[in-house]
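Work through the exercises below with the sequence and the model open. Try each task before reading its solution.

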Amino acid sequence: MNQPKIILGIETSCDETSAAVVEIPTSGKPLADKGVKILSNVVASSASLQAKYGGVIPEQAAREQLKSIIPVLQESLQVAGYSGEDIDALAVTQGPGLIGSLLVGVETAKVLATVWNKPLVPINHLLGHFYANWMTVHLPGEIQHNPNTHPEGVTPAFPILGLLVSGGHTDLVLFKDHGKYQYLGGTRDDAAGECFDKCARLLNLPYPGGPQISQAAEKGNPQAFSLPRPMLDSEDWDFSFSGLKTAVANIITDSKQQGVTQKRPEQFIQDLAASIQEAITDVLVIKTTKAAQSYKVKQIMLAGGVAANRRLAEKIVTVASSKIGNVKIFIPPANLCTDNAAYIAAAALYNYHPVDPLTLQANPNLSLLTAALK
Ligand code: KG4
Ligand code: ZN
C-alpha cells in the first residue's frame, strides 16, 4: 500500500493508555489535503491514582496500562465504527517513556498487526506530539479550539519551528519537512512540565501540577515574587529549569519562617503560582521567538502538555507577532496537547515507514536526536 487512509494508533508511554482511529478525509497525500480527521480518541489516565503518591510510580503505571489497553482499544474501534479489518495500518509509540508502560502498547500492536496482517508504524512519542497540530479536520462540536491557533483545514507549512514542552521534555526543533528536522536545543536538567509539577508539589498542590499552577495563577500577581529566568540570554537554544524550582523552594522556606504563608495562605499560593508560570513562560516564549528570528521562519508550533497552558499561548502569540511580521502560530487544543493516541496515528500518516512487527522493540531512551538531520 502506498499511502494508508485509516490508521489505528496506540499510545502507552507513561500514565495514559490511549487508542485512536484517524483518517485522511480525502484521497491523496496528506500534504495535499486539509489535515487529519479524528474518528475516535479514547484516553484512560491513571493520573488520579498517581496523584496519591505525588508522581508516577512506573510499576503501577504499567499495571494500569495492562488493565486498560483492551477496553480502550475496543472502545476506540467502536466509536470510530470500524473493525480491525477496516483499518489500513497500525501506529504505536516506540519510545521514549517508561519501559513497562511502553511494552504494553508495543507488544499489543505487534500482536494485532500480525493477526490482522496490517502494516505497523513505530512512532517517536516526541515527534508524535507535534502532529496534534495537523488534526485540523474537525467533527462538529468535537474539540474546543482557538480558530486562530488551530484553524480548521489549515495545516502547518514548512519550514516551521517547533517547541515541545511536556512533562519530560523541552525541545526546540526546526522542521524542514515531515521527518526532516534539525534539533536546536533542549533542557539541560528539568523539563518545563517537570518544573511546573515540582513547584506544585512544593506548594502542596496535587499531581499533575501544571494545570493546578495555571488555575491558582489566575487569581495571583505574576510580579509578586522575583524569580530567575534561567538561560534567557545564553548563546544557544538550551533551557534549564532546576534553578527556578530551587528559588521557589527558598521563597517557601523564607516565607514560612516569616509567617507569611500562614497569614494569607490562599493569596501566597496564588501569587507564587502566577510568578512561577510567568517565569517559565517568559523563558519559553522569548527563546522560541529568538530562534524563529534567527532561523528566519514565519511559522511556530507548540506541542506537549504544557502547550495547554493558556498564559503560554497568549504570550507566544503576542510576543512573536510583535517581533516577526506575518508570523503564524499553531497551538493544539488542550485535549490534544496532553498524551493521546490520535497524534501518534496522525504522525504515522505523514511519516509512513512500516517495520516488521517481529523485530520492533520498545525503546525507553529514544530521543529526537536519533533521527535528526546532521
Ligand atoms: O505531554 P504530556 O501529557 O506528557 C508527557 O509526555 O510528559 O505532558 C504532561 C505535562 C505535565 O508536566 C503537566 O503538569 C503539564 O504537562 N501540563 C501543564 C498544563 N497541562 C498539563 N502545564 C502547564 N499548564 C497546563 N495547563
Ligand atoms: Zn507526551
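The exercises treat a predicted model, and each task is followed by a worked solution.

**Exercise 1. The zinc site**

Task: Find which residues coordinate the zinc ion (ligand 2) and name the geometry of the site.

Solution: 
- Step 1. Check the angles. Among the four donor atoms they run from 97 to 133 degrees. Four donors count as tetrahedral if all angles lie between 85 and 135 degrees, so the site of the zinc ion (ligand 2) is tetrahedral.
- Step 2. Write the spacing of the donor residues in sequence: H-x3-H-x209-D.
- Step 3. Histidine 129 is in helix α4 (residues 125-130), while aspartate 339 is in the loop between α11 (334-337) and α12 (341-350). These two residues are 210 residues apart, and the pair links distant parts of the chain.

**Exercise 2. Helices α6 and α9**

Task: Describe how helix α6 (residues 209-217) packs on helix α9 (residues 265-294).

Solution: 
- Step 1. Take the geometry: the angle is about 115 degrees and the axes are 7 Å apart.
- Step 2. Classify the angle. Angles of 65 to 115 degrees count as roughly perpendicular, so α6 is roughly perpendicular to α9.
- Step 3. List the contact. From α6 come Ile213, Ser214, Ala216 and Ala217, and from α9 come Ile269, Gln270, Ala273, Ala274, Ile276 and Gln277.
- Step 4. Sort by class: the contact of α6 with α9 has seven nonpolar, three polar and no charged residues.

**Exercise 3. Helices α5 and α7**

Task: Decide whether helix α5 (residues 192-202) and helix α7 (residues 242-257) are roughly parallel or roughly perpendicular.

Solution: 
- Step 1. The two helices pack at an angle of about 10 degrees, with axes 10 Å apart.
- Step 2. Angles under 35 degrees count as roughly parallel, and α5 and α7 are therefore roughly parallel to each other.
- Step 3. In the contact, α5 supplies Cys195, Lys198, Cys199 and Leu202, and α7 supplies Leu244, Lys245, Val248, Ala249 and Ile252.
- Step 4. By class, the contact of α5 with α7 holds seven nonpolar, no polar and two charged residues.

**Exercise 4. Helices α2 and α3**

Task: State the hand of the crossing of α2 and α3 and the classes of the residues in their contact.

Solution: 
- Step 1. The axes of helix α2 (residues 58-80) and helix α3 (residues 99-116) come within 8 Å and cross at roughly 35 degrees.
- Step 2. This crossing of α2 and α3 is right-handed.
- Step 3. The contact includes Leu66, Ile69 and Leu73 of α2, and Val104, Leu112 and Trp116 of α3.
- Step 4. Its residues divide into nine nonpolar, four polar and no charged.

**Exercise 5. The backbone**

Task: Locate the cis peptide bond from glycine 95 to proline 96, and the residue with a positive phi, asparagine 117.

Solution: 
- Step 1. Recall that most peptide bonds are trans, and most residues other than glycine have a negative phi.
- Step 2. The bond from glycine 95 to proline 96 is cis, with omega near -5 degrees. Proline 96 is in the loop between β4 (89-95) and α3.
- Step 3. Another cis peptide bond joins phenylalanine 158 and proline 159, with omega about -5 degrees. Proline 159 is in the loop between α4 and β6 (160-165).
- Step 4. Asparagine 117 is not a glycine, yet has a positive phi of about 55 degrees. Asparagine 117 lies in the loop between α3 and β5 (120-124).

Methods. Residues are numbered from 1 along each chain as its sequence is written. Chains are lettered from A and ligands numbered from 1 in the order in which they are written. This is a predicted model: local features need pLDDT of at least 70, side-chain atom pairs count only at pLDDT 80 or more; totals for chains, interfaces and linings use all residues. Side-chain values use heavy atoms; hydrogens and water are left out. Axes are lines fitted to C-alpha atoms, for helices over the stretch in contact, and angles run from 0 to 180 degrees between N-to-C directions. Helices (H or I, at least four residues) and strands (E, at least two) are DSSP runs, numbered from the N terminus. Angles under 35 degrees count as roughly parallel, over 145 as roughly antiparallel, 65 to 115 as roughly perpendicular and the rest as oblique. Contact means heavy atoms within 4.5 Å. Ala, Val, Leu, Ile, Met, Phe, Trp, Tyr, Cys and Pro count as nonpolar, Asp, Glu, Lys and Arg as charged, and the others, Gly among them, as polar. Donors are N, O and S atoms within 2.8 Å of the metal (3.2 Å for Na, K and Ca); water is not among the atoms, so sites may look incomplete. Four donors count as tetrahedral if all angles lie between 85 and 135 degrees; four count as square planar and six as octahedral if opposite donors are over 155 degrees apart and all others between 65 and 115; anything else is irregular. A crossing is left-handed if the near helix is turned anticlockwise from the far one by less than a right angle, and right-handed if clockwise.
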